[in-house]
Each structure stands twice: as C-alpha cells, then as structure tokens.
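Look at the model below before reading on. The report takes it one chain at a time, then turns to the contact between chains.

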Amino acid sequence: MNALVVVPTTTWYLLLSAVLFTIGTVGVLVRRNPLVLFMCIELMLNAVNLSFVALGRRLADINGQTIVFFVLVVAAAEVVVGLGIIVSIMRRRNGVTVDDLAELKG
Amino acid sequence: MIFAAGAFVGPSIDWYKMSPALVLVAGALGLILVGALTPQWRKGAYGFVAAASAGAAAVLAGMLWANLGENGAPSTLIGDALSFDHFSLFATFTIAVATLLAILVTNDYLEREDEDGPEVYALILASSVGGVMMAQANDLIVLFLGLEILSLSFYLLVASNRNRAQSGEAGLKYFILGGFASAFFLYGVALVFGSTGSTNLTTIGTTLAGQHPGNHSALLLAGVAMLLVGFAFKVSLVPFHAWTPDVYQGAPTPITALMGSVGKVAAFAALLRVFTVALPSRADDWGPVVLVLAIATLLVGSVLAVIQTDVKRMLAYSSISHAGFILVGLEAASHISNADSSLGVSSAMAYLFVYGVLVVGTLAVVSLIAGKGDNATTLGAFNGLGKTNPVLALGMTVLLLAQAGVPTTSGFVAKFGIIRASVSVESYVLAVVAMLAAVIAAFLYLRIMVSMWLSEPASTERREVPTASDIAIAATVAVTLVVGFVPSALLDLAALIR
C-alpha cells in the first residue's frame with residue numbers, strides 16, 4: 001500500500017504566489033501606515049518573483065530566475081526612494097498616516 | 001539557452017543606434033557626479049548642460065530617422081532587447097523634445113524658488129532615459145526596467161519641493177499607487193511569460209499567432225488583464241485615474257509638465273507596442289476592454305475637468321480625457337482584420353507628439369502664473385492676464401484652443417487623425433463619444449480663456465517672463481500653429497509608423 005506522499009507541483013507555488021500577491025493587494029487597500037503600505041508592495045513584488053521562479057522551472061528556462069535578479073534590484077531602488085520620501089514627510093510632522101495627508105482634494 | 005554554447009558570446013551593440021538614450025544617460029550621470037564634486041555652478045549652467053543633453057538626443061533621433069529612410073526595415077538592438085524602427089524613433093524624438101522644453105521651464109522655476117542645483121535636472125534626464133527605454137523596449141522585462149527608471153525619477157521629482165507640504169504628499173501618494181501598479185504590471189509579465197515561454201514581444205507575437213485563437217489560456221488572459229491594469233494606472237485611464245489630479249496639483253509645475261508629456265508618451269508608446277506587436281492575435285479579447293476603458297476615460301475626464309477650480313487639477317482631468325483619445329487609436333488598431341487598422345497606431349503617435357508639446361507649453365504658462373511658492377494656480381490667478389500680459393495670454397489662448405481641438409491648430413489635426421482612424425475601422429460609437437467628449441472638454445478651456453480676457457486683474461502690474469520660459473512657450477506655440485496650418489509636416493512622418 002502506497003503511503004500518501006504529496007509532492008508539491010508548480011501549481012502549488014503559483015497558488016502560493018497568488019495568495020501572497022492578494023495579501024499584499026488587500027494590505028495596500030486597507031492599511032493606513034505608509035511603512036506598512038510600503039511593505040505590502042514589497043510583498044506583492046516578491047510574490048511575483050516566486051511566480052517567475054516556478055514558471056521558469058516548469059518551462060525549463062533559466063530566464064525565469066534571471067528576471068528575479070532584475071526585480072530584486074528594482075525593489076531595492078524602490079525602497080531607497082520610498083523611504084526617502086517618507087522620511088522627508090515625517091520630518092515635517094510626527095506620526096503620519098496616509099489619512100492625515102489630505103491637503104490635495106477637489 | 002545561455003549555457004548551451006561553450007563560450008559566452010555577448011550580443012553585438014550598435015552604439016550609434018542607441019545614441020539618443022546614451023546621451024541622456026551621460027547627461028544625467030555627468031550632472032550628478034560633476035555637480036556633487038564641484039562648488040555651485042553659475043546661474044543656469046546646470047540647466048544648460050541638461051538642455052544640451054536633451055537637445056542632442058532629439059537631434060540624434062532625427063538623424064537616425066533620416067538614415068532609416070522611408071522604407072527602412074525594422075530591426076532590433078542588443079539581442080532583441082530593444083527595437084529600432086520608425087515607431088521607436090518617433091517616440092524617442094517626442095520624449096527628447098518634451099524633456100528639452102520641460103528643462104527650460106524647470107530652469108526658471110528653480111531660479112524663482114532659489115533651489116538651483118544639479119539633482120532635479122539629473123532626475124529629469126533619468127526619467128527621460130526610462131521613457132526612451134519604454135518606448136524602444138522589445139522585451140517585457142526591459143519595458144519593466146524602463147518603467148521603473150521613469151517612475152522612480154518621477155516619485156522623487158514630484159516630492160522635490162521640500163518647502164511645500166503638498167509636494168511631499170503628492171510624492172507619497174504617487175509612490176504608493178505607482179508601486180502598486182508596477183506590481184500588477186510585473187505579475188502580468190510573469191503570467192504572460194508562463195503561458196508563452198518568453199518575455200520577448202516578437203516571440204510572444206509569433207507564439208500566439210501559431211496557436212488557435214480560440215485557445216483561451218486562463219494564464220494568458222489573466223496576464224494580459226494585469227498588464228492592462230498596470231498600464232492603465234500609468235497613463236491614468238478611468239477607473240485607475242484617482243491619483244492623477246492630486247499628483248498633478250501637488251507636483252512642482254514644471255514636473256507636472258514633464259509627467260504629462262514624457263510620462264504619457266512613454267507609457268502609451270509601450271502600451272501600443274505591447275498590444276499591437278505581442279498580442280494582436282488576441283485582439284478580440286482585449287479590444288472590447290479597451291473600448292470600455294476609452295469611453296469611461298473620455299467622458300469622466302471631460303466632465304470632471306469642467307467642475308474644477310484649480311487650473312492644475314483642470315489640466316490633470318483634461319490629460320485624462322486626452323488619454324481617452326489616444327486609447328481610441330489603440331481601439332482602432334485592435335480591428336486587425338481591417339486593412340485600415342494601422343491608422344490607429346500612427347494617429348495615436350501623432351496625437352502623442354502634439355499633446356506632448358501642448359501640455360508643456362500650457363503648464364509653462366501656469367508655472368509663470370503660480371509665482372514664488374508655486375501655489376497660485378486657482379482659476380482666479382489667471383484673472384486679467386490679457387490686460388497685464390497680452391502676448392503671454394495670446395500664447396496661452398492658442399495652446400488652449402489647440403487642446404480643445406480648434407481647426408488651424410495642431411490639436412485639430414491630432415483629433416481629426418484619431419477620429420478618422422476610428423471611423424475607417426467602423427468603430428462609430430467610439431468616434432461619436434470622442435467627439436462628444438471634445439465638446440464637453442472645450443468648455444473647460446473656454447473657462448480659463450474667459451478669466452484671462454474678460455476678468456479684471458487683481459493688480460495691473462505686468463508679470464516678468466523669464467527668457468527660458470519665453471523660448472519654451474514661443475516654441476510650443478510655433479509648433480502648434482505650424483502643424484495646424486501645414487498638417488502634412490507631421491502626418492507624413494507619422495504615416496511611416498506601422
């Protein structure tokens with residue numbers, strides 16, 4: 001009798017990636033702290049990275065993994081820019097949430 | 001496969017054909033590096049270097065266009081990563097010209113705010129490089145990198161005025177929503193890569209053309225939808241437009257001009273190329289979506305523009321409405337079985353050139369009116385401009401009439417081209433909606449004109465117009481009128497884009 005051995009397939013990774021991406025998306029939509037919003041965007045990018053690796057493996061194509069390095073660099077650059085902007089706003093006032101930033105409307 | 005061959009052979013690089021982008025990179029790096037190591041330069045020197053770099057890029061793009069000739073075959077650069085054809089050169093030229101004009105306006109803005117330095121110019125040139133990469137990209141990952149170079153520079157530029165709270169707020173909003181959109185775009189790239197096995201636009205196009213068109217892979221459709229959402233954020237299509245008015249109002253005015261011209265041209269060029277090169281065989285799937293987006297964008301943009309009281313917000317909504325017009329061109333290109341569908345892409349590119357020039361000119365005037373602090377942008381600030389500065393008001397009137405699409409201006413030529421493309425593929429509903437939206441939007445431009453010519457000025461003192469802005473406004477008005485009176489000057493060039 002065969003033991004019930006479950007081998008993860010590519011689909012599992014794609015589903016996990018979709019779940020992580022969704023968590024990130026929902027996070028951006030419901031959270032109010034800029035730093036948390038920022039982390040959610042990073043989560044979305046890394047979920048996509050997981051997709052790239054899984055799909056690259058399924059297609060037996062090294063490009064799937066190469067792309068991830070490009071995305072990592074972009075994500076790092078985004079952190080630098082994003083934190084720079086957040087710090088410059090925090091200097092102006094303390095404990096900011098995105099709801100406090102409401103001068104622009106119409 | 002990279003590891004299949006014994007020795008690694010790099011792709012051949014044609015430096016001359018890449019020169020417009022390289023000149024912009026050199027300008028950006030030179031400014032930031034030399035600028036950091038040397039004491040403050042003379043007034044206007046940073047701006048001059050940046051303008052020279054953008055001007056050189058425009059001249060090189062023009063020379064490459066002339067070399068390519070009328071029947072030059074499209075080719076690719078650096079191992080299929082970039083494409084080299086009339087389409088990419090036209091977009092590159094447009095981006096370089098818009099950058100040059102925006103730099104002229106920025107020069108006066110920075111002088112007025114006492115913030116002259118190399119950083120803003122370096123970022124403007126960097127965003128321009130990103131735009132050129134997007135317009136030339138023949139690979140979704142190269143496109144993504146170009147998009148990020150453009151966007152990251154824009155986030156910083158929008159937040160660059162540290163003396164004005166609105167600037168930082170706009171920067172943060174743009175950053176969060178822009179990052180959000182980039183993630184969607186990237187997920188789209190991943191899914192398209194998964195279903196076609198490639199990120200190269202040409203390869204994707206061939207792979208999909210070889211499959212049965214009824215073969216609806218869920219992975220592919222989801223990927224195309226995600227790509228479209230990412231692009232829709234970047235070019236601000238309704239319902240993904242909510243950031244646009246806030247960011248356009250909060251950003252320093254010359255940066256608003258840059259976003260309206262370079263940002264729009266680059267993102268639309270990329271959108272047009274991805275959908276017409278990689279996905280034409282799935283046009284039956286994305287065509288109707290584009291149709292709905294175009295109708296929503298045209299109507300919502302025009303109607304909301306009319307009820308604004310801040311001129312920068314008005315122009316933001318007007319830019320949304322213009323984006324709808326350009327999307328009409330893409331919709332026309334989606335009727336691939338129709339012989340006239342290529343009109344869609346060429347008319348959209350002509351529209352992008354016309355709009356890219358117009359928006360910089362219009363916002364150059366707004367930047368002058370905004371005054372020190374960059375805050376006086378309400379409609380009331382334009383009161384009586386016709387009495388204090390008749391020439392400036394006349395120039396603004398020409399630019400606004402062109403945006404409204406009045407004959408003998410470039411705006412009419414552009415709008416006519418789009419409507420013609422739409423009608424010739426028998427997409428009548430969209431053509432009618434587009435004309436309706438143009439009529440509604442005309443009201444908004446008339447409101448600005450009324451306050452310029454028919455209201456009394458708060459003070460009768462004449463406003464000083466700095467030289468660089470003067471040149472930029474005069475140049476945009478000249479282009480507007482020349483294209484308006486001699487449409488063939490632009491249309492013959494755009495007709496080469498296929």
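A residue is buried if 20 or more other C-beta atoms lie within 10 Å of its own, exposed if 12 or fewer, and partly exposed in between, with C-beta atoms placed from the backbone. By that rule, 29% of the 106 residues of chain A count as buried.

This is a predicted model, in which local features need pLDDT of at least 70, side-chain atom pairs count only at pLDDT 80 or more, and totals for chains, interfaces and linings use all residues. Residues are numbered from 1 along each chain as its sequence is written, while chains are lettered from A and ligands numbered from 1 in the order in which they are written. The predictor's confidence in each residue, from 0 to 100, is called pLDDT. Chain B averages 89 on it, and 98% of its residues score at least 70. For the complex, the predictor gives an ipTM of 0.90 and a pTM of 0.92.

Helices (H or I, at least four residues) and strands (E, at least two) are DSSP runs, numbered from the N terminus. Chain A has 3 helices and 0 strands. Two residues are in contact if their C-beta atoms, placed from the backbone, lie within 7 Å. Take the contacts in chain A between residues at least 6 apart in sequence: 46% join residues at least 24 apart.

Now chain B. Ser12(B) is found in the segment before helix H1 (15–37) of chain B. Is Ser12(B) buried or exposed? Ser12(B) counts as exposed, because it has 8 C-beta neighbours inside 10 Å. The C-alpha atoms of Ser12(B) and Arg42(B) are separated by 41 Å.

Two helices of chain B also pack together. The axes of H3 (residues 86–112) and H10 (residues 253–278) of chain B come within 8 Å and cross at roughly 170 degrees. That makes H3(B) roughly antiparallel to H10(B) (angles over 145 degrees count as such). Ala98(B) of H3(B) and Val262(B) of H10(B) are among the residues making the contact.

Finally, the contact between chains takes 37 residues from chain B and 33 residues from chain A. H6(B) gives the most to the side of chain B that touches chain A, with 17 residues.

The table sorts two sets of residues.

| Set | Residues by class |

How values were computed. Axes are lines fitted to C-alpha atoms, for helices over the stretch in contact, and angles run from 0 to 180 degrees between N-to-C directions. Angles under 35 degrees count as roughly parallel, over 145 as roughly antiparallel, 65 to 115 as roughly perpendicular and the rest as oblique.
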